[in-house]
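Me: Can you walk me through this one? I'd like to start with charged pairs.

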Amino acid sequence: MQTAKSRRKVAPATTENGDSGDKLDQILLSAAVANGEDLGPFIRKAFASGKPETLVHHLRHFSRSKESEIEDVCKAHYQDFILAVDDLRSLLSDVDSLKSSLSNSNSQLQSVAGPLLTSLDSFIEAKNKCQNINLAINSSNICVEVMELCSRANVHIKEQNFYMALKCLEMIESEYFSETPSSTIRRMLETKIPAIRSHIERSINKEFGDWLVDIRLVSRNLGQMAIGQASASRQREEEMRMKQRQAEEQSRLSLRDCIYALEEEDDEGFAEIGEEFDLTPLYRAYHIHQTLGLEDRFKQYYFENRKLQLTSDFQVSSMTPFLESHQTFFAQIAGFFIVEDRVLRTGGQLISKMEVESLWDTAVSKMCSVLEDQFSRMQTANHLLLIKDYVSLLGVTLRGYGYPVAQLLDVLSKHRDKYHELLLSDCRKQISEVLQADRFENMYMRKEYEYSMNVLSFQIQTSDIMPAFPYVAPFSSTVPDCCRIVRSFIEDSVSFMSYGGQLDFYDVVKKYLDRLLSDVLDGALLKLISTSIHGVNQAMIVAANMSVLERACDFFFRHAAQLSGIPLRMAERSRRQFPLNKARDAAEEMLAGLLKKKVDGFMTLIENVNWLADEPPQLENEYVNEVSIFLETLLSTAQQILPSKVLKRVLQDVLSHISELIIGALYGETVKRFTLNAIMGLDIDIKSLETFAENQASLLLEADTNQLKNALAEARQMVNLLLSNHPENFLNPVIRERSYNALDYRKVVTISEKLRDPSERMFGTFGSRNYKQNPKKKSLDSLIKRLKDVN
C-alpha cells in the first residue's frame, strides 16, 4: 500500500539542448499520469495527429519505468509485509472464533426475538389501521359537516333566506373546500356553488324587479297621500287665518268685545309618510349583491331602472285630458322622489345625493316643459287654477323633503297674467248673463238665511238691525249675483297668487280687481244702461243698484286685503275713487233723463199760462200742479228704493231742469210779452217747488235740502230780479254775486224787454194799478241799456 508520503506530484523533467517533440510528449504524459491528471487531451491529440501508436508506446514505456520502481519499493518493505501477513493470519483465526460466537448469539437472539417481531408487526399493522380509521373518521366528519352546510344552504334557499345561504357557501369555500377529502364532493361543490350563487342572484333580481313594479303604484298612492296631507295642512292654515280675520274684524268693530282662544292642532290621523311603503326588498337585494361582491353593478342597475321609471312617468297621455290626469301625473313624481329621499337617507351608499339631484333636475325640467305646454293650450281659468293649486301643493310637499321647487313656482308666476285674463273673460261672460237675466225688480227675501247670504255676506246692509221678513231689498238680484262673481274673482285671484313664492301680492290682486270693476263690470253696466233701460222704474232700480255696489266695492277691497294677509288700514290707505263711477253717473243721468222727459210732458202746460194777466193769480199754475203730483208720486216710490244721496242728486237734476224750462219759456219765442202779474204767478209756482224741496228735510240732510232749493236758483233769481224795486242792483258785482249769480245777463236783457208794455214801453200796465211806475221803469230801462252796452 502506498502511503500518503509516497503520493507526491511528479514534475516534468526538462531536456537539455532542445529534445525532440516525441521525447517532450513522453515526459509530459509521464508527469500527467504520475500526478493523476486527466489524459483526455493527450488521447485526443494522438488521434488528431494520427499517431495513437506513439501514445501507446509512451504509456508502455511509463509502465516499464514504474515496474522497476515498484520492485524497488517491494524490496524495501518486504520484511514489513511478512510481518503484516503473519498478523493477518493470526487475526483470521480470531475472526473465525468470533464468527462462531456471533452465530450462536444470533441463533439465541432469533429464538428470543422472533415472537417479539411478530408482535411488533401486528402492532404496526394495527397502528396503521387505526390511523387509517381515524383519517376516515375525520374525512367523514368533514364530509358530514360539508353536507350539513349544503343542506342548510338548501333550506335557506327554499325559505328565500339568501343571505344565510350565501354565508353557508362562503363558509364551505373558506373552511372546508380545501380540506374536503372526497374528490367527488369537491367536484360537486365546484359545480354547484357557482350555480347556487347564480340562482340566488336571479331570484333576488326577480324579487327586486317585482318591487320595482310595485313601487310605481305605491309611489302614486304615496304622492297622493303626501299632497293630500299638504292640502289638509293648508286648509287648517286658511281656517286659522279666517278665524284671525274674524277676530280682527271684531276688534275693529268693538275693541271691548274681543275673544281670544287657544287652538290646539289635531295631528291625529296624519301618520308618518314613510310608514306607508316598504323598502325591505330593495335593501335585501342590495345586501345580497354586496355579499356576492356585485355592489357597484347593483347600484348602477338600480339607478338606471329608476331613471327609466321616472322617464316613463313623464309620459302625458294624449287620450286623456291633462285636467283629468294631472293629479296622477304629479302624484307619481312626488311619490318617486319621496321614495328616493328615503333611500338616500337610509340606504347606505345605494344612491348618492348627486344622483338624486340629477334625477330631480331632470324631473323639474320635464314638469316645467309639460306645464308650459299645457298652460299654453288652456282657455279656462278654473282649469289653470286647479292645476296651479295642485302644483303648488306638490312644491310644498317636496320642499319639505329638501327638494328645490323655485323653478316650478316661476312657471306658475309666469302665467299669472294669462290666468287673470282668462278669469276676467269668464267674469265678463258671467256678468253679462247676470245682467241679461235681471228683471229690474226689487229682490224679495223670505228667510233670514237669504238675507245673510245676499246682504250680510257682502256687508251691503245699511243697518246692523235684522229686518223683518219677508224683506224687500232696495236692489235687484243683479247686486248679490255680481257680488258673488267679484268675490269669487278675488278668491280665485288670491288662490292663484298664494303659495306661489310671492309673499306680498295684494298689489297684484288689487290691480286685477280694479280692472274687473272699472273695465268689466263698469263696462257691462254701461252697456246695460244704454241698451236695456226703457222705464223710470228700471232706471231707478239700476241707480239703486249702483249705490249698493258702491258699498260692496268697499267690501271687495277689504276682502282682498284680508285674503292677501295685509292690514285693513293699508288697504284703505291705497283705495282709489269708486271704480264704477261711470256706470253710476250714467245710471243717474239715465234716471234723471227719463224723469226730465216726464217733466217735459207736464211742462208743456206752461203754454197755458196767461202771460198778460191783469190780476195776480192766487194759486199755482196748472203745470206746477201736475209736476208736483208727479214729484210726490215719484218720491213715494223712490224713497223706498234710492238712497238719500242718489235721490237728492236726481231730484236736484230734475228741479234744475224745471228751472231751465221756466227760464226757457220766458226766453223763448213762444212768449212775446208778459206782465208782472204773470211773473207773480211764476213766483207762486217756484215757491211751491221750493216748498217741495223743503219738505224733504226728513229724508235728506239740511245741506242736501238747501242744494235742492238751489236747483231752482236760476228761475228764482230771475223772478226776484223782475219783481225787485231796484233791478239796477244786478249791476252791482257784490249784490249780483250774492243774489243773482245764476243769471246770464243776455237772458236778463231779453226777458226784461218782454216785460215792457207796448203802450208804455215798460211796465205799461202799472198805471192802472196805481203802482209807482216811473222809478222802476227808469231803473229797468237803465239796466237793459247798460247790459246791451256791455254785450
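Predicted model: local features only at pLDDT ≥ 70, side-chain atom pairs only at ≥ 80, totals over all residues.

Me: Which helices do aspartate 653 and lysine 596 lie in?

Reply: Aspartate 653 lies in helix α20, residues 644–667. Lysine 596 lies in helix α18, residues 581–603. So the pair ties together parts that are 57 residues apart in sequence.

Me: Is aspartate 653 buried or partly exposed?

Reply: Aspartate 653 is partly exposed, with a relative accessible area of 28%. Lysine 596 is partly exposed at 21%.

Me: How many salt bridges does the count come to?

Reply: The count comes to 26 salt bridges. Side chains of opposite charge can pair when their charged atoms come close.

Me: OK, what about arginine 484? What does its side chain meet in a salt bridge?

Reply: The side chain of aspartate 481, at 3.0 Å from N to O. Arginine 484 and aspartate 481 are three residues apart in helix α14, so about one helical turn separates them. Arginine 484 is partly exposed at 25% relative accessibility. Aspartate 481 is partly exposed at 27%.

Me: And lysine 687, which residue does it form a salt bridge with?

Reply: Aspartate 683, with the closest N and O atoms 3.4 Å apart. They are four residues apart in helix α21, residues 676–694, so about one helical turn lies between them. Lysine 687 counts as partly exposed, at 45% relative accessibility. Aspartate 683 counts as buried, at 12%.

Me: Switching to rings. How many aromatic pairs does a search of the whole structure find?

Reply: The search finds 19 aromatic pairs. Take tyrosine 419 and phenylalanine 496: their ring centres are 4.3 Å apart and their planes are at 5°, so this pair is stacked.

Me: Where do those two lie?

Reply: Tyrosine 419 lies in helix α12, residues 416–437, and phenylalanine 496 in helix α14. So the pair ties together parts that are 77 residues apart in sequence. Both tyrosine 419 and phenylalanine 496 are buried.

Me: What about the rings of phenylalanine 602 and phenylalanine 630?

Reply: That pair is tilted, because the planes are at 45°. The ring centres are 5.5 Å apart. Phenylalanine 602 is in helix α18 and phenylalanine 630 is in helix α19, residues 622–641. They are 28 residues apart, and the pair links distant parts of the chain. Phenylalanine 602 is partly exposed at 24%, whereas phenylalanine 630 is buried at 14%.

Me: Back to phenylalanine 496. What lies over its face?

Reply: Lysine 388, at 5.7 Å from the ring centre.

Me: Which residues form one aromatic cluster?

Reply: Phe208, Trp211, Tyr286, Phe298, Tyr301 and Tyr302.

Me: Now serine 493. What is it in contact with, leaving aside its neighbours within four places in sequence?

Reply: Tyr419, His420, Leu423 and Val509. Serine 493 is found in helix α14, residues 478–497. Serine 493 counts as buried, because its relative accessibility is 0%.

Me: Last one. Which residues make the nonpolar surface patch of about 380 Å²?

Reply: Leu88, Leu91, Leu92 and Val95 make that patch. Leucine 92 is in helix α3, residues 52–158. Leucine 92 is exposed, with a relative accessible area of 52%.

Definitions and conventions. Residues numbered from 1 in each chain as written. Heavy atoms only, no water. Buried < 20%, exposed > 50% of the residue type's maximum accessible area, 1.4 Å probe, protein only. Contact = heavy atoms within 4.5 Å. Salt bridge = Lys/Arg side-chain N within 4 Å of Asp/Glu carboxyl O. Patch = residues over 30% accessible without salt bridge, like charges linked within 9 Å, V, L, I, M, F, W, Y side chains within 5 Å. Areas by Shrake-Rupley, 256 points an atom, 1.4 Å probe, with all protein chains shown as cover. Phe/Tyr/Trp six-rings, centres within 6.5 Å; stacked < 30°, edge-to-face > 60°. Lys NZ or Arg CZ within 6 Å of the ring centre and 35° of its normal.
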